[in-house]
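Here's a quick briefing to read with the model open in your viewer.

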Amino acid sequence: MIEVRKAVDNDCRYYVDVHCPEVKALPRDERLRVCGWWADYDACVFYLNLYRRLGGEVFTALINGEVVGEIELLPHDDCLLGPRAYINVLWVKEGERGKGIGTKLVNQGVKWARFRGYKYLDTIPEKESVGFYSKLGFKHIAFQIKAIKKLKPLHYSIDYRFNELNVNEPPLNMKLVIGTYRPGLFTWYSAWEDKYLPPQTSPLAYELVVEGKPIVTLLDYYRENEASLIIWSIETLNDELLRKAILVSEQLAIKAGIAKIFIQTWNIYEDLLRRLGYKIVDNDIIRLSKNIEKDQY
Ligand SMILES: CC(C)(COP(=O)(O)OP(=O)(O)OC[C@H]1O[C@@H](n2cnc3c(N)ncnc32)[C@H](O)[C@@H]1OP(=O)(O)O)[C@@H](O)C(=O)NCCC(=O)NCCS
């Protein structure tokens, strides 16, 4: 009998068995580096709290009281496609797959999202699990790409102003134009507050005004001297404005000693990123969405 309920702190002792039992004997830092926050109790409790502070939720699946899976849900109000709920992580323990646990967890996600008034539940799945989500009625709505650039100092004559921001100045009411695969506020707060996953370097954040338009840029370190670039704006940026926002962000990154930038964004920006010297390392990241309005059933 599969039971699904809200996660409690004690589940954090068992998530490592669901995600990566092979790391259990490793030292803590190594466990975190290889497996992520599921491999450490304190890091896991921090993330459970972060999900809830941001209006998200985590549910655990159990069989006979044993933790066998989990789903992590977030609001994605800053999505360019409009507000929606988002499955950030879904995982079922290897020996327990094919028993309907994943389906139960997603159904719980649908209930949770609908209760919060969302019309869509989205995810960017591992490529191997697209078939699973298709069976549950998720449709392919867009492609995203991943791109990387090694920075070198160049002179750009772009007129811009900027202010440094801190953790208490998140980009509310703005759209995520460039980001990681995750909803932006989750990225924002985990970049500042996560003391667990390496590197533990504070991010850099700026409010920019480019051609009179407000833009927020976050440089979130994923290694020493390497950072993900995340950009928010009030509205969709045309290619020229986005080009300037990226170039300004790169200048600020170079000043801070960042050598490499990683970007994940919509495939409509692929040509622009190529022109800016980015190497596209993946161009078929599938974004799935399920319409969860009641009358769709
Ligand atoms: C993807 C995953 C969550 C599915 O969980 P699960 O408990 O095995 O799924 P279910 O038993 O509910 O399967 C439901 C249906 O989807 C099918 N299915 C499951 N995984 C599938 C896959 N990878 N591709 C195609 N179909 C799949 C099942 O056969 C079943 O079909 P049926 O209704 O005809 O019997 C699980 O395999 C997993 O944790 N994978 C590793 C992590 C991952 O990829 N997570 C998702 C993206 S973050």
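Predicted model: local features only at pLDDT ≥ 70, side-chain atom pairs only at ≥ 80, totals over all residues.

Residues are numbered from 1 along each chain as its sequence is written. The protein splits into domain 1 (2-123) and domain 2 (145-284), with bounds that come from an automatic or database domain assignment.

**Domains and how they meet**

- The C-alpha centres of domain 1 and domain 2 sit 27 Å apart.
- Their contact takes 19 residues from domain 1 and 18 residues from domain 2; two residues are in contact if their C-beta atoms, placed from the backbone, lie within 7 Å.
- Helices (H or I, at least four residues) and strands (E, at least two) are DSSP runs, numbered from the N terminus.
- H3 gives the most to that side of domain 1, with four residues.
- By class, that side of domain 1 has 11 nonpolar, three polar and five charged residues. Here Ala, Val, Leu, Ile, Met, Phe, Trp, Tyr, Cys and Pro count as nonpolar, Asp, Glu, Lys and Arg as charged, and the others, Gly among them, as polar.

**Around the ligand**

- There are 18 residues around the ligand, and Arg97, Gly102, Thr103, Gly131 and Phe132 come nearest. A residue is near a molecule or strand if its C-beta atom, placed from the backbone, lies within 6 Å of it.
- E4, helix H4 (101-115) and helix H5 (130-135) are the elements that give two or more residues to this shell.
- E4 provides the largest share of the shell, four residues.
- The shell divides into seven nonpolar, six polar and five charged residues.

**The nonpolar core**

- The largest nonpolar core has 69 residues, and those with the most contacts inside it are Cys44, Leu229, Ile231 and Ala245. Such a core is a set of buried Ala, Val, Leu, Ile, Met, Phe, Trp, Tyr and Cys residues joined through C-beta atoms within 7 Å.
- "Buried" requires 20 or more other C-beta atoms within 10 Å of a residue's own, "exposed" 12 or fewer, and "partly exposed" is in between, with C-beta atoms placed from the backbone.
- E4 shows up again with the largest share of this core, six residues.
- The core draws at least three residues from each of domain 1 (2-123) and domain 2 (145-284).
- Leaving out residues up to four places away in sequence, Ile231 touches Val177, Ile178, Ile215, Thr217, Ala245 and Ser249.

**Strand pairing**

- Strands pair if DSSP finds at least two bridges between them.
- Strand E13 (residues 279-291) pairs in the antiparallel sense with strand E5 (residues 120-123) over four bridges, and Leu121 has Lys290 in E13 as its bridge partner.
- E13 also pairs antiparallel with strand E6 (residues 139-150), over eight bridges; there, Phe143 partners with Ile286.
- Strand E7 (residues 160-164) lies largely in the open, because the number buried among its five residues is zero.
- E7 pairs antiparallel with strand E9 (residues 204-210) over five bridges, and Asn163 stands opposite Glu207 in E9.

**An enclosed helix and a buried lysine**

- Seven of the 10 residues of helix H6 (residues 184-193) are buried, so H6 is largely enclosed by the rest of the structure.
- Those buried residues are Gly184, Leu185, Phe186, Thr187, Trp188, Ser190 and Ala191.
- Their cover includes H3, E3, E4, strand E8 (175-179), strand E10 (213-223) and strand E11 (226-233).
- Lys175 lies in strand E8 and counts as buried, with 20 C-beta neighbours inside 10 Å.
- Lys175 and Leu80 are 95 residues apart in sequence, yet 5.6 Å apart in space, C-alpha to C-alpha.

- Most residues other than glycine have a negative phi, and most peptide bonds are trans.
- The peptide bond from Pro198 to Pro199 is cis, with omega near -5°, and Pro199 is found in the loop between H6 and E9.
- Asn173, in the loop between E7 and E8, has a positive phi near 60°; Asn173 is exposed, with 8 other C-beta atoms within 10 Å.
- Glu211, in the loop between E9 and E10, has a positive phi near 50° and counts as exposed, with 12 C-beta neighbours inside 10 Å.
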